[in-house]
Amino acid sequence: MSGNMEGNIPPPSPAPSSPRDRVTYAIDTELVYTDSNDQYRSSSVPIYQTATFKQDSLSNMGEYDYTRSGNPTRSHLERHMAKIMGANRALAVSSGMTALDVITRLLKPGDEVIAGDDLYGGTNRLLKYLSSNQGIIVHHVDTTNNNAIEKVTSDKTRMVLLESPTNPLIKVADIKGAATIVHKINPQAIVVVDNTMLSPLLMSPLDLGADVVYESGTKYLSGHHDIMAGIIAVRDLKLGEQLFFPINASGCGLSPFDSWLLLRGVKTLAVRLEKQQANAQLIAEFLETVGFRVRYPGLKSHPSYDLHWSMARGAGAVLSFETGDIQTSERIVENAKIWGISVSFGCVNSLISMPCKMSHASIDEKTRKERDFPEDLIRLCVGIENPNDLIEDLKVALIKAQCVKVSPDGTVSRL
Ligand code: PLP
């Protein structure tokens with residue numbers, strides 16, 4: 001227990017794990033392997049569905065007293081995630097946006113934030129709220145260009161927020177280079193990476209110089225679109241304690257049942273995502289061969305192919321492509337059958353969307369135009385189905401949308 005944050009003494013929080021104090025295995029082993037001191041040695045960690053815990057005595061609170069402050073199922077998940085993310089402390093909260101909300105509680109009026117110009121719509125909305133109502137100054141720049149970051153970094157910069165690849169334009173940021181520049185200009189500034197698009201299986205931003213990493217657990221970590229969750233991970237324990245404060249104060253920690261679901265989901269992350277990205281590669285190649293402009297870091301045509309692979313262990317399973325016409329894109333999306341029309345990604349089943357009309361509709365049209373956001377962009381979030389079925393379903397949708405022709409030998413090409 002430590003007294004900090006303006007003299008408040010937080011209730012006991014789960015002890016941070018020290019994942020690097022023991023032999024570590026490859027990440028696909030670590031995802032499955034868990035240590036537990038359960039009294040019955042249960043194979044699946046129990047769900048402590050309780051709001052409160054009895055104390056041994058008036059003076060001895062014990063490790064847990066109230067689930068808002070800490071719960072054994074949540075602690076188990078947090079320790080497991082810290083290990084997987086190469087962190088010294090992880091915190092589990094009620095959604096990916098909650099994770100960012102908690103992180104932004106580090107800011108004070110007058111602080112400056114540097115964020116990308118191709119951000120997830122919800123992130124954009126939260127930053128806009130902070131700049132309109134909380135006295136935070138937000139600079140939106142192309143965070144895939146380190147010169148642009150350098151230009152706006154100053155002693156007022158408190159936070160630099162990076163996504164790579166960005167969603168849905170699939171632009172790649174040089175996290176290592178950006179972190180070096182920012183920390184050199186202002187050692188107090190923290191570099192925050194939203195690693196939702198790749199997950200800890202494919203990238204470890206803390207190894208690249210990030211101070212804080214967060215993930216929407218709603219996506220790949222859980223994998224089945226059956227929960228909302230967020231994970232925050234840090235190496236600096238003081239920073240971890242500062243981030244724990246608003247979670248304890250507001251009660252946005254992940255519920256015991258959802259912690260258990262996320263723990264169960266994350267064990268299969270490697271098998272799911274490896275299949276998803278193998279499918280995504282085939283689909284990206286198919287669409288490129290047909291003649292569309294495809295954005296996917298698994299394609300050599302991606303302008304930042306080498307940079308991406310210098311940081312990541314895979315290309316992920318989200319790609320986007322342009323058709324050149326909004327109505328054509330609408331027809332493709334509406335004619336796909338296996339591909340569910342849905343926001344979000346990271347689920348075992350494949351999804352199709354038009355970000356301008358869906359996940360990114362909260363970014364107004366003028367801003368989208370300023371940021372060169374193609375209105376006809378289609379985003380594909382690839383699942384674990386049979387790739388031939390997925391490609392066939394897309395082919396039928398392209399034909400119905402009347403944007404391709406089929407040669408007698410079955411080859412599909414753009415009209
Ligand atoms: N970050 C990215 C890249 C996302 O795509 C999303 C949601 O789509 C979030 C964060 C927010 O996560 P959640 O929906 O769990 O709040």
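## The ligand and its shell

An oxygen atom of the ligand sits 2.6 Å from an N or O atom in the side chain of T218. This is a polar contact, a pair of N or O atoms within 3.5 Å. K219 also takes part: one of its polar side-chain atoms lies 2.8 Å from an oxygen atom of the ligand. G96 uses its backbone, with an N or O atom 2.8 Å from a ligand oxygen. The protein covers 93% of the 390 Å² of accessible area that the ligand has on its own (Shrake-Rupley method, 1.4 Å probe).

There are 13 residues around the ligand, and M97, D194, S216, T218 and K219 come nearest. Here, a residue is near if one of its heavy atoms lies within 4 Å. The shell has 5 nonpolar, 6 polar and 2 charged residues. In this scheme Gly counts as polar, while Asp, Glu, Lys and Arg count as charged.

## Basis of the model

This is a predicted model, where local features need pLDDT of at least 70 and side-chain atom pairs count only at pLDDT 80 or more, while totals for chains, interfaces and linings use all residues. Residues are numbered from 1 along each chain as its sequence is written, and side-chain values use heavy atoms, without hydrogens and water.

UniProt, in an unreviewed entry, places "modified residue: N6-(pyridoxal phosphate)lysine" at K219. Such annotations may be inferred rather than shown by experiment. K219 lies in the loop between strand 6 (212–216) and strand 7 (230–234). Strands are DSSP runs of E, at least two residues; helices are runs of H or I, at least four. K219 counts as buried because its relative accessibility is 13%; buried means under 20%, exposed over 50%, and partly exposed in between (1.4 Å probe, protein chains only).

Beyond its neighbours within four places in sequence, K219 is in contact with T196, S344, F345 and G346 (heavy atoms within 4.5 Å). S344 is in the loop between strand 10 (340–341) and strand 11 (351–353). S344 has a positive phi of about 80°, although it is not a glycine. Most residues other than glycine have a negative phi, and most peptide bonds are trans.

H308 lies in helix 11 (residues 305–311). At 1% relative accessibility, H308 is buried. Its side chain reaches the backbone oxygen of G314 at 2.8 Å. Among the residues in contact with H308 are P165, V172 and L198.

P165 is joined to S164 by a cis peptide bond, with omega about -10°. Another cis bond joins N167 and P168, with omega about 10°. P165 is in the loop between strand 4 (157–163) and helix 6 (175–185). P168 is found in the loop between strand 4 and helix 6.

Methods: Polar contact = N/O pair within 3.5 Å; in protein donor to acceptor, adjacent residues only side chain to side chain.
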